[in-house]
Amino acid sequence: MNMKRYLTRETMLGAIVVAFMVFLSITTHFNSKSGFFSLMLDISPTMIGALALSVVIITGNIDISAGTIMGFVAFVAGILSKADLPPVVFMGAALLTGMLLAGLNGWISVTFKVPSIVVTLAMNMVHLGFYATFLPNSGWVENLESNFTWLGRGRFFDVVPYIFVVAVAVAAVLIFMMKYTRFGKSLYAVGGNRQAAIYAGINPDQTVIKVYLLEGLLLGVAGLLKATTANEIMPSSFQGREMVFIAAAVVGGINIMGGSGKLLGTLFGAVLVYLLSITMIYMGFQDYYQFALQGAIILVAVFVTVTDFHVLRKRAARLIGRLGDGGRRA
Amino acid sequence: MRAKDINYQAILGVVLGILVILFGVLEPVFFYPDVLFDVTAIIGEIGIMALAMTFIITTGGIDLSVGYMLQLSGIVFGAVFAGSGSVPLAVLSALATGTACGLFNGLVIAGTKIPPLVTTLATMNLYRGLSFIIAGTNSYSGFPEGFKRLSTTLLFDTVPISFVYLLILFLLFNLFYTRGSLGKQLKGIGFNERALVFSGIKTKRILVLIYSLSGVMSALASLVYLGRLSAARTSMGNDLNLQVITAVVLGGTSTMGGVGSVAGTFLGVLIIGVLRKGYTLINFSGNIFNFTLGVLLIAALIVFAVLERKRSGKKKSC
């Protein structure tokens with residue numbers, strides 16, 4: 001039996017997650033029905049959002065406006081459900097909103113050959129300004145009825161939230177797609193080596209637009225999962241979610257330069273980032289330590305993925321050797 | 001190419017003129033000299049940061065953490081002043097903070113393979129978190145008049161001294177950008193960093209230098225900003241990233257690297273100042289201002305890309 005096959009980054013992440021959970025169960029009240037329920041409730045939107053960012057990052061792009069797109073999604077769903085439209089209609093409209101906004105990001109970035117970071121950074125501001133200026137009540141929707149919140153509040157066997165089941169199903173479909181379809185492979189090809197992808201008959205520009213549409217769809221799902229857990233919606237409260245998603249993706253081993261990383265890793269990354277943040281809360285740190293934590297997590301995780309440790313080890317050995325002989329060779 | 005540059009800057013100048021006339025027509029108060037000079041006062045901090053940002057974007061990098069380096073330096077200034085009561089000590093600590101933040105960015109970017117955008121995206125949250133950790137919900141105020149006068153004195157009763165600082169810095173940066181070898185090296189890094197490495201230029205040192213410079217400039221900007229605001233709190237500097245980047249991109253510095261202009265950045269900063277003052281006068285909120293900035297940034301990117309494509313003809317490159 002080949003051990004190496006099982007010693008992947010994903011299994012290691014999985015082991016860390018399990019160890020973490022055991023540790024939390026022993027030291028806190030985490031190990032209870034409500035603890036697991038709120039874990040599953042909180043990580044579901046984060047998982048899907050992190051997957052959305054992952055597929056974009058795999059092609060070598062990024063989306064800083066992911067959080068504010070989710071805000072739009074939530075607003076559209078909320079306002080349409082207030083108009084007593086059936087769930088199929090308002091959810092469909094919400095998903096479409098996500099695809100349109102993310103697709104616009106991709107289209108601008110590809111057509112005018114501008115880095116997606118700058119486009120989406122600007123879009124982030126455009127969205128926020130749009131909420132405050134053009135949406136009624138700055139986009140605040142309140143008193144949502146059960147025709148909206150049934151999804152977010154329902155649970156199977158009194159423990160497993162509906163949204164967790166939805167999230168796992170979506171994640172499974174996506175992982176299958178990345179592994180076994182031509183489209184999934186083409187994302188890695190475009191992110192890994194654009195020129196080689198062109199020679200392999202892939203149109204990189206089209207692929208990038210498609211991946212943004214997919215991202216928008218996923219952000220639509222994530223926005224719906226998050227919004228339906230409460231009976232009011234404040235679009236601007238979604239701003240900054242993208243940092244959590246990016247952190248989850250890079251912790252999960254998605255290479256920020258594009259071209260590699262597995263979605264299963266992203267899922268573990270999402271859980272791990274969540275566990276870290278609740279541990280901070282259990283330990284009595286204030287909420288605002290989260291900013292610093294996210295920043296530090298991203299830096300460390302990206303450093304680990306992009307660094308060639310063989311080279312680093314050689315360099316360190318050389319340095320130590322040079323110190324050893326008193327700098328005579330230098 | 002030179003003529004093209006001047007053309008683009010002429011367009012910016014015309015846009016600036018149109019904006020001034022537009023706001024003047026909407027609100028005649030805008031033409032009063034003290035209102036016009038107030039525009040030059042409010043651009044102090046973004047102007048100072050935009051100069052270093054021009055260098056960084058020319059190399060194909062970006063610094064998303066500028067607003068939060070300003071925030072952290074300001075908070076450190078406030079905290080040290082509240083603790084010791086000494087302005088020189090507080091100024092020194094603020095400058096040291098900004099330099100340390102910028103140096104950290106530079107070392108990570110030059111020393112590891114992490115791209116600038118991710119590095120500064122992460123450090124932006126790091127610095128923001130640090131200023132929250134230091135200040136919490138406190139705000140620091142009660143700075144002595146002498147400190148405020150350092151940045152708010154009006155020369156000849158009209159020209160704010162912060163604008164004079166900005167002009168001096170602008171001339172210095174422009175000199176380095178257009179005359180010395182540094183400007184050429186920055187553009188070289190933006191075009192093809194490897195080629196520069198092979199021709200024996202220590203590009204990593206240059207990168208560390210410019211990102212540190214960005215930190216120093218953010219700290220200076222925070223001092224100018226504090227003189228006007230007179231209170232340091234954790235909300236300061238939140239929107240400044242986008243304003244600074246918009247000013248630089250609007251000025252014609254390409255986000256792909258290799259092309260840029262400090263003079264263009266200066267015009268971009270002026271346009272943003274006029275917009276901000278004008279919006280305040282006609283009672284538009286800060287949200288509409290941010291919305292406009294976002295749209296402006298995307299529009300500038302598109303216009304610049306189209307111009308670029310025309311210049312390079314039909315030649316298709318990947």
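How many residue pairs are in polar contact between chain A and chain B (both at pLDDT 80 or more)? The count is zero. A polar contact here is a pair of N or O atoms within 3.5 Å; within protein, one must be able to donate a hydrogen and the other to accept it, and residues adjacent in sequence count only if both atoms are side-chain atoms.

This is a predicted model, in which local features need pLDDT of at least 70, side-chain atom pairs count only at pLDDT 80 or more, and totals for chains, interfaces and linings use all residues. Residues are numbered from 1 along each chain as its sequence is written, chains are lettered from A and ligands numbered from 1 in the order in which they are written, and side-chain values use heavy atoms, with hydrogens and water left out.

**The interface**

On the side of chain A that touches chain B, α6(A) gives the largest share, 13 residues. Helices are DSSP runs (H or I, at least four residues), numbered from the N terminus. By class, this side of chain A has 31 nonpolar, six polar and two charged residues. Ala, Val, Leu, Ile, Met, Phe, Trp, Tyr, Cys and Pro count as nonpolar, Asp, Glu, Lys and Arg as charged, and the others, Gly among them, as polar.

About 3600 Å² is buried between chain A and chain B, and carbon and sulfur atoms give 84% of that area. Buried area is the accessible area (1.4 Å probe) that two parts lose on being put together, summed over both. In chain A, M125(A), F291(A) and L299(A) lose the most area to chain B. Together they make up 18% of what that side buries.

**Aromatic pairs**

The structure holds 20 aromatic pairs over all chains. Rings of Phe, Tyr and Trp (its six-membered ring) pair if their centres lie within 6.5 Å; planes under 30 degrees apart count as stacked, over 60 as edge-to-face and the rest as tilted. Two of the pairs are set out here.

| Pair | Centre to centre | Angle between planes | Class |
|---|---|---|---|
| F72(A) and Y131(A) | 5.0 Å | 55° | tilted |
| F134(A) and F291(B) | 5.3 Å | 70° | edge-to-face |

F72(A) in helix α4 and Y131(A) in helix α6 of chain A are 59 residues apart. The other pair crosses between chains, from F134(A) in helix α6 of chain A to F291(B) in helix α13 of chain B. Ring pairs link F72(A), F130(A), Y131(A), F134(A) and F291(B) into a cluster.

Terms used
Helix = DSSP H or I, 4+ residues; strand = E, 2+ residues; numbered from the N terminus.
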